[in-house]
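Dear colleague,

Please find below the sequence and the structure that I am handing over to you. My notes on what was found in it follow directly after.

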Amino acid sequence: MNSDQLRDKLSSSFIVFENELNGERRSPLHQKRRAAMERFEMKGFPSTRDEEWKYTNLKPLLGTDYKIFHEGEQSLEFREIKRYFLNDIDTYKIVFVNGKYSSWLSETTHRGFDICTFSAALQRHRHVLDEYFGRSDEEPSSTMDLNTAFAQEGAFIRIGKNAHVDKPVEIVHFTTADAGPSFNQPRNLIVLEEGSSAEVIERHRCLGEQETLTNAVSEVFLGAQARLSLFRIQNDAPQAGLIDHTNIHLSRDAHAHTATFSMGGRFVRNDLAFFFNEPNATAQLDGLSLLDAGEFADQHTLVDHRVPHCESREFYKGVYGGAAKGVFNGKVMVRPQAQKTNAFQENKNLLLSEKAAVDTKPQLEIFADDVKCSHGCTVGQLDEEALFYLRSRGIPEHESKALLLYAFGDEVIQRVPLKALRQRLHRLMAQKLDVDFQLNL
Amino acid sequence: MLSIKDLHASVEETPILKGVQLEVKKGEVHAIMGPNGSGKSTLSSVIAGREEYEVEKGSIDMDGQDILELSPEERAHLGIFLSFQYPVEIPGVSVTNFLKTALNETRKARGQEPMSAKELLRLMREKMELLEMDKSFLSRSLNEGFSGGEKKRNEIFQMALMEPRLAILDETDSGLDIDALRIVANGVNHLRSKDNAVVLITHYQRLLEYIKPDFVHVLYKGRIVKSGGSELALELEAKGYDWIKEEVEA
Ligand SMILES: Nc1ncnc2c1ncn2[C@@H]1O[C@H](COP(=O)(O)OP(=O)(O)O)[C@@H](O)[C@H]1O
Ligand SMILES: [Mg+2]
């Protein structure tokens, strides 16, 4: 199998998919799918010749004969997967197993707000999907188009005016060994209406040894004064690949906070885009890549200031050990009419070995004059003097390094307001650094 | 306890220590004085195990054990403590977490049980009182934004907690006002016992009024060129180093 063959397989799979849709085929939603498929077929998978994929080679992941559709249903016991949830606090749960919604493992609601699935929304909230699904202002990337073409399941969150979701929502996508190598394309839609708020945590987990490639899309629409926190824990199995696209559209006075923790997996590409569509909205983009061995993560962000008086603050850190590789590409666009914009970006990286590498590329395109913008990026190594200081106090080398890295990463974790999640992230970080201390720094 | 013989050390091919001899027995206090750049900090770093310095010749033994092959942490576990001339700022690591890790890793290396949080807190309170430190210290990032005096006091605070057998204080007195100096000296005197030893690196006689040394050495150009009793410090205070330099050059 190579990438052309995979593309052909996707094309023929799309025909099969269409044929099963019957009456649905003429719906506006499906028309969007078909248009997206046509664009994907034109463009194909991105290659390193594409400017946006210059440092990121998808090719090795496209050589597997993935299953495009999952067959049958796989049940999991909660105790088998309990550890992938936040157990110290109560949460809503939207759980998928091999692309299918598991009502058994989930805890959803329609009381006061809708926390359910894409397929349920097709039945109950057709108009919402018609309004928001695939509503992209930018030309979508080819992988995003590919997801749109096959979109049929994922999380659907719609919060009505002034409603506040009473507990965090966890979205977890599992794939199991009996599904075989699979190509997964979950599609989330999050719509927060005026004055509403929600906290969402998403993760993908491959439970077997099979290779998986997940090509996910989340579309997020925030009404006036709406507030969203969106956290990602990306520490999937070593043979699992992930391409995530998240587009966040903000209305007046809205606030979005994303924090992305990329701590494992074979390959991670995050395409995270913020679109300021009305004034006075604010965004905070946080991220931490903590990688070793041959792991790879590409944090690709776009902040599009299209209107005046908005603020974006971006803070990404990376730690790369072994032969890990990272990319940070932060594009900030300040359009001519976007006066009084505040846009800040910071990217700090540590390389722990000769073989580790990071490509960092701030990309500021500022066309307005009355703005405050700044960016900074650093690539360094562990501070030898600090290391000696700690060791001279009796802390062994491995633990001393871990302590410094823990502190480095903690600066991002501290920005997560949810205590239970912070604790989880601390544990994951300690695990990753292979130390047993549990510090509340 | 500590025996240094014919120690030669260099950094990036520049020789800095050129044959240092020093014998420190338990219960003793030694002062090492000398002009800037003579190698005092280098000597203390080499004893503590800083890998940047290449030891080309000579030996350092602790209780008869050659420590040159030991890592800095192993030397700390043997009871060697260095109070840094310039303590490093470590953002994001609180004083408490650092001390908890340092104490418990040391205990682990010595085959002792970890200290409970309660016990640790009690111990930290006790030592903070001794050094007249504010509680807020504990939650601050290690040395980050500390004033010069606070950094030095924090070093002595750590020393008081670790109860080392050999404490090397590298210009801990520099930049301290008279009150801070008294407090620091008090901390050091508190540690002194017949089983411990202290090496004070200093420029000033001032500290030695509070901590009386048994021996005073002058380090110059990488060698100990003169040794004597506490009266030597007074002489240096009065006459400066020029006469020593002349003696050496002669
Ligand atoms: N890490 C280093 N790299 C280069 N030169 C150094 C280093 N450490 C010390 N030196 C040099 O070694 C000499 C002795 O320095 P130091 O031990 O700090 O002296 P002192 O503490 O007596 O003032 C000085 O000339 C200094 O410049
Ligand atoms: Mg010095």
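With a relative accessibility of 24%, D359(A) counts as partly exposed. The model is a predicted one, and in it D359(A) forms a salt bridge with K325(A), the closest N and O atoms lying 3.7 Å apart. This pair links distant parts of the chain, since D359(A) belongs to strand β19 (residues 357-366) of chain A and K325(A) to strand β17 (residues 325-334) of chain A, 34 residues apart. K325(A) is likewise partly exposed, its relative accessible area being 28%.

Over all chains, a search of the whole structure finds 53 salt bridges. One of them joins the side chains of E295(A) and K432(A), at 2.8 Å from N to O. Here too distant parts of the chain are linked: E295(A) is in the loop between β14 (282-291) and β15 (296-305) of chain A, K432(A) is in helix α9 (residues 419-432) of chain A, and the two are 137 residues apart. E295(A) has a relative accessibility of 14% and therefore counts as buried, the limit being under 20%.

In chain B, E163(B) forms a salt bridge with K127(B), and the closest N and O atoms are 3.6 Å apart. E163(B) lies in the loop between α5 and β9 (166-170) of chain B and K127(B) in helix α4 (residues 117-130) of chain B, so the pair ties together parts that are 36 residues apart in sequence.

I turn next to the two chains together. In the contact between them, 33 residues of chain B meet 22 residues of chain A. Chain B and chain A bury about 2300 Å² between them, and 64% of this is on carbon and sulfur atoms. Between the two chains there are 3 salt bridges, and 9 residue pairs are in polar contact, with both residues at pLDDT 80 or more. On the side of chain B that touches chain A, two or more residues each come from α1 (40-48), α2 (72-77), β6 (80-83), β7 (90-94), α3 (95-109) and α5 (148-162) of chain B. Of these, α3(B) gives the most, with 7 residues. Sorted by class, this side of chain B has 16 nonpolar, 11 polar and 6 charged residues.

Individual residues give a more detailed view of the contact. The side chains of E155(B) and R393(A) meet in a salt bridge, at 2.6 Å from N to O. A network of salt bridges links R391(A), E397(A) and K401(A) with E51(B) and E73(B). E105(B), found in helix α3 of chain B, is buried, with a relative accessible area of 9%. Leaving aside residues up to four places away in sequence, E105(B) touches G394(A), I395(A), P396(A), E399(A) and H77(B). H77(B) has its place in helix α2 of chain B and is buried as well, with a relative accessible area of 15%.

Which residues coordinate the magnesium ion (ligand 2)? They are S41(B), through OG, and Q85(B), through OE1, at 2.1 to 2.2 Å. S41(B) is in helix α1 of chain B and Q85(B) in the loop between β6 and β7 of chain B, so that this pair links parts of the chain 44 residues apart. S41(B) counts as partly exposed at 26% relative accessibility, while Q85(B) counts as buried at 16%. Helix α1(B) is largely enclosed by the rest of the structure, because 8 of its 9 residues are buried. The buried residues of α1(B) include K40(B), T42(B), L43(B) and S44(B). Just after α1(B), G49(B) takes a positive phi of about 100 degrees.

Finally, some backbone angles should be noted. Most residues other than glycine have a negative phi. N22(A) is not a glycine, yet its phi is positive, at about 50 degrees. N22(A) is found in the loop between α1 (3-19) and α2 (28-43) of chain A and counts as exposed at 57% relative accessibility. N162(A) also has a positive phi, near 60 degrees, and lies in the loop between β4 (155-159) and β5 (169-175) of chain A.

With kind regards

Definitions and conventions
Residues numbered from 1 in each chain as written. Chains lettered and ligands numbered in written order. Predicted model: local features only at pLDDT ≥ 70, side-chain atom pairs only at ≥ 80, totals over all residues. Heavy atoms only, no water. Contact = heavy atoms within 4.5 Å. Buried area = accessible area lost by both parts, 1.4 Å probe. Salt bridge = Lys/Arg side-chain N within 4 Å of Asp/Glu carboxyl O. Polar contact = N/O pair within 3.5 Å; in protein donor to acceptor, adjacent residues only side chain to side chain. Helix = DSSP H or I, 4+ residues; strand = E, 2+ residues; numbered from the N terminus. Nonpolar A, V, L, I, M, F, W, Y, C, P; charged D, E, K, R; others polar. Donors = N, O, S within 2.8 Å, 3.2 Å for Na, K, Ca; no water. Buried < 20%, exposed > 50% of the residue type's maximum accessible area, 1.4 Å probe, protein only.
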